[in-house]
Structures are given as C-alpha cells and as structure tokens.
Amino acid sequence: TQPFIFEALDVNRNIAIMSLEAVVSFNDLKQATKVMGTIRDITSTVMKEKEQVVYKDKINYLLNNTLTASFVLDIDKLKIEYINAAFQKMFGYSEVIISQLNKDKLFSLFSINDAIIFKNIIDKVSHSTVGECFSGQYALKMKDSNDFVSVFANHTVYELNDVTGLPAKML
C-alpha cells in the first residue's frame with residue numbers, strides 16, 4: 001500500500017512533510033474496529049531529494065550548453081552514461097558507442113598510465129561528498145585513431161545513491 005503524504009505544522013509553526021501508513025481491521029459488518037499505523041516526518045528526505053533534482057537540473061543545463069567536453073560516469077558499472085555534444089565533436093564518439101565501453105573496456109580509452117590516473121580519480125570521487133572537486137590530467141583516445149588528446153579535467157559527484165547516500169555517478 002502507498003503511504004498517505006501530507007503537510008502539517010509542527011509546534012514551531014513550520015511546515016513538516018509527513019507520511020502516514022495505516023492498517024485497518026474490520027468486523028463482519030464491515031465496520032472499522034482497529035486502526036494501527038505510523039506517522040513519520042519525512043521533511044528532510046523530501047528536501048534532500050528536491051535539492052538533488054535542482055542540482056542535477058543545473059548540471060544538465062551546464063552540460064548541454066558548454067563548449068567543454070563532459071561526460072557522466074556510473075561509478076559502480078564503470079560505464080559512461082552520457083556525453084555532451086562537445087565531447088562527441090572533440091573525440092568522435094557517439095553515445096551509443098561510448099555506452100558500450102563498460103567495466104574494463106572503459107579503460108581502452110586511455111593509455112596504461114592514464115588508466116591508472118583515471119581509476120584513482122574515480123576512487124577519490126566515490127569516497128567524496130557533493131561539491132568536492134578532483135582535478136586530473138590524462139589523455140583520451142580519439143575514435144578510429146591511435147591519437148590521444150590531453151585532457152585537464154575536474155571531476156565531482158553528479159548523483160548520490162538513494163539507499164546508501166554515497167556517490168553513484170560522477171561528472
């Protein structure tokens with residue numbers, strides 16, 4: 001069953017967002033005889049979710065309107081989920097091709113030394129908090145070429161895992 005979500009005023013007259021879950025027992029005449037339930041204050045959870053949506057909206061706007069090559073990486077899957085137009089133009093990859101480079105295939109975009117540098121950046125971001133930024137210098141391989149392009153990048157948390165609260169995706 002779905003909880004009933006409503007707003008209420010707390011003792012200080014601040015708006016609180018509440019979640020009500022209840023079970024009702026009925027007698028043979030279909031009359032309610034017992035009601036058991038819980039009411040939880042979910043204000044902080046809802047506010048965090050709203051803040052994350054606003055944060056992602058701002059990042060998406062920047063990603064789609066910048067001339068800087070950018071991508072979003074799923075940290076657990078080691079998979080690039082999104083590349084902006086500037087990334088596509090600079091390196092020649094489409095989103096379809098780049099999304100197929102997951103796990104160890106992702107590191108085919110780097111030289112051996114640069115793959116180690118990038119793995120360290122992923123590790124730092126995966127143990128960071130929103131707002132922390134980690135810079136790195138490495139080279140990415142051009143599509144259909146053995147040439148590499150030097151990249152000076154700043155990486156940060158893009159999205160948190162809903163359950164653990166830890167970084168799930170990085171920019």
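The residues that line the second largest pocket divide into five nonpolar, four polar and five charged, in a model that is predicted. This pocket has a volume of about 340 Å³, and among the 14 residues of its lining, Lys 48, Glu 49, Gln 52, Leu 160 and Asn 161 lie nearest its centre. Helix α1 and strand β7 each supply at least two residues of that lining, and α1 gives the most to it, with six residues.

The largest pocket has a volume of about 430 Å³. Of the 21 residues lining this pocket, Thr 68, Ala 69, Ser 70, Ala 153 and Asn 154 are the closest to its centre. At least two residues of the lining come from each of α1 (43–64), α2 (85–91), β6 (133–141) and β7 (148–160), and the element that gives the most is β7, with seven residues. By type, the lining of the largest pocket holds 15 nonpolar residues, six polar residues and no charged ones.

| Pocket | Volume | Nonpolar | Polar | Charged |
|---|---|---|---|---|
| Second largest pocket | about 340 Å³ | five residues | four residues | five residues |

Strand β7, which contributes to the lining of the largest pocket and to that of the second largest pocket, also belongs to an open sheet of five strands, arranged in the order β5-β4-β8-β7-β6 with antiparallel pairing. Strands β5 (79–83) and β6 stand at the edges of this sheet with a single partner strand each, so one side of each is left without a neighbour in the sheet. On average, and with direction ignored, neighbouring strands of the sheet are turned by 35° against each other. Within the sheet, β7 runs antiparallel to strand β8 (residues 167–170), and three bridges join the two strands; Val 157 stands opposite Met 170 in β8.

Helix α1 packs on the sheet, where it touches β4 (71–74), β5 and β7, and the direction of α1 makes about 160° with that of β7. Helix α4 (residues 112–126) lies across β4, β6, β7 and β8, and runs at about 150° to β6.

Some single residues in the earlier part of the chain also deserve a look. Arg 13 has a positive phi of about 65° although it is not a glycine, and its place is in the loop between β1 (4–9) and β2 (15–26). With a relative accessible area of 64%, Arg 13 is exposed, because exposed means over 50%. Lys 30 likewise has a positive phi of about 65° without being a glycine, and this residue is found in the loop between β2 and β3 (32–41). At 68% relative accessibility, Lys 30 also counts as exposed.

Ser 19, by contrast, is found in strand β2 itself and has a relative accessible area of 3%, so this residue is buried, the cut-off for which is under 20%. When its neighbours within four places in sequence are left aside, Ser 19 is in contact with Pro 3, Phe 4, Ile 5, Thr 38, Ile 39, Arg 40 and Ile 42.

Definitions and conventions
Residues numbered from 1 in each chain as written. Predicted model: local features only at pLDDT ≥ 70, side-chain atom pairs only at ≥ 80, totals over all residues. Heavy atoms only, no water. 1 Å grid on protein atoms, 1.4 Å probe; cavity = no way out; pocket = protein on both sides within 12 Å on 5 of 7 lines; lining within 4 Å. Points joined across faces, edges and corners; volume = space filled by probe spheres on them. Helix = DSSP H or I, 4+ residues; strand = E, 2+ residues; numbered from the N terminus. Nonpolar A, V, L, I, M, F, W, Y, C, P; charged D, E, K, R; others polar. Pairing = 2+ DSSP bridges. Axes fitted to C-alpha atoms, helices over the stretch in contact; angles between N-to-C directions. Contact = heavy atoms within 4.5 Å. Buried < 20%, exposed > 50% of the residue type's maximum accessible area, 1.4 Å probe, protein only.
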